[in-house]
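Open the model in your viewer and keep the selection panel at hand. The tour has two stops.

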Amino acid sequence: MTEPTRFARDRFDEADDHYMGLALELADAGLYTARPNPRVGCVLVRDGAIVGRGCHLRAGEAHAEVNALRQAGDLATGATAYISLEPCSHHGRTPPCADALITAGVSRVVVAMADPNPRVAGGGLARLAQNGIAVAVGLREAQARALNAGFISRMERRRPWLRLKLAASLDGRTAMASGESKWITGAAARADVHDWRARSCAVMTGIGTALADDPALTVRDHPQADNLPSQPARVLLDTRLRLSPTARLLAQPGRAVVYTISDDGPRVATLRDAGAEVRVVASAGGRVDPLAVLEDLAAQEINEVLVECGPVLAGYLLQHGLVDELLLYQAMHLLGDDARPLAHLPGLEHMSERLSLRLLELRQVGDDVFFRLAPKGE
């Protein structure tokens with residue numbers, strides 16, 4: 001199928017840009033709840049006036065286009081639809097949105113980006129064009145891609161978008177030599193972490209952190225906590241199945257998934273009896289292969305993974321190019337030379353081997369400073 005013509009940026013006017021901005025704001029309403037679907041917003045405009053607004057909030061419920069069309073009613077005829085993602089053209093959990101737009105009689109559709117889902121991939125745009133509807137693509141595409149980075153990653157790379165969260169002192173230390181780490185950062189920073197958890201499909205850690213801290217890995221004390229479709233899946237990398245069946249992460253509501261390379265039947269049975277899903281994956285250097293885990297999670301419709309872990313797993317993810325964003329909370333105190341490092345990065349001997357990052361966001365959170373960073377070149 002031929003992809004519809006991609007319009008140049010200068011074919012969009014100021015009004016187009018304004019209305020697409022509103023559509024993207026509407027899409028943001030699904031930030032915590034739309035998973036595993038993408039976050040999508042739609043604005044219908046006729047004769048210079050907004051006649052319908054819609055967003056997609058939950059999988060299985062109406063899509064943004066349908067909600068906007070319902071609000072517009074007969075006023076949708078001849079309207080322009082501004083949509084943050086290409087309308088679907090297939091029967092999934094809901095009927096095709098492209099067909100709904102055609103039936104409603106809209107005259108023009110402006111979308112921020114084509115849908116990377118192979119089941120759509122230009123099909124919705126082609127169907128609209130074939131039915132005489134003017135189609136324009138690419139307005140505010142970068143903003144649309146950022147909003148759905150996880151969904152796009154799952155479709156294009158067959159793995160989720162991975163955010164690595166770390167908390168450190170001013171001298172880059174994450175715990176005292178004894179392992180004591182509560183609390184490096186303040187209450188405001190810890191609350192901010194729960195916001196990142198709330199928008200994630202899964203929260204992942206390694207067995208070292210699980211044994212040392214016995215974390216729950218759930219969203220707590222957050223405005224969206226009771227509105228989430230479910231708690232994010234709790235994912236553990238546990239090469240030799242050392243997790244205790246009484247661990248807190250097994251006692252919480254929602255899924256707890258343990259990845260291992262072990263075929264120890266009795267240990268597997270014990271953890272499964274305690275509520276864990278145990279999945280055996282490939283090994284890398286005698287340990288669970290994180291890439292194999294990410295690929296398996298993508299097959300389960302996991303879009304965004306938040307990793308909260310110790311220096312060994314953090315270093316591995318960074319050195320193997322699996323980190324899409326680094327979320328670093330830095331506290332204004334010093335822990336000293338003997339304290340534990342931010343990430344275990346063996347083999348770096350020359351400046352040319354350093355891992356370079358670019359700053360995406362910088363803000364103060366309580367008494368701490370938050371950095372959102374990405375590998376250079378991504």
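Select helix H6 and show what surrounds its buried residues: helix H5 (141-147), strand S6 (161-168), helix H10 (290-299) and strand S14 (304-308) pack against them. Helices (H or I, at least four residues) and strands (E, at least two) are DSSP runs, numbered from the N terminus. Contact means heavy atoms within 4.5 Å. This is a predicted model: local features need pLDDT of at least 70, side-chain atom pairs count only at pLDDT 80 or more, and totals for chains, interfaces and linings use all residues. Residues are numbered from 1 along each chain as its sequence is written, and side-chain values use heavy atoms, leaving out hydrogens and water.

Stay on H6, residues 149-156. Seven of its eight residues are buried, so the rest of the structure largely encloses this helix. Pick them out: Ala-149, Gly-150, Phe-151, Ile-152, Ser-153, Arg-154 and Met-155. Buried means under 20% relative accessible area, exposed over 50%, partly exposed in between (1.4 Å probe, protein chains only).

Now select the five-strand sheet. It is open, runs S2-S1-S3-S4-S5 and has mixed pairing. Two strands pair if DSSP finds at least two bridges between them. S2 (49-55) and S5 (134-137) are the edges; each has a single partner strand, so one side of each lacks a neighbour in the sheet. From one strand to the next, the twist averages 15°. Axes are lines fitted to C-alpha atoms, for helices over the stretch in contact, and angles run from 0 to 180 degrees between N-to-C directions.

Zoom in on S3 (80-83) and S4 (108-111), a parallel pair with four bridges. Tyr-82 has Val-110 of S4 as its bridge partner. Finish on helix H2 (64-72), which packs on the sheet and touches S1 (41-46), S2 and S3. The directions of H2 and S2 make about 140°.
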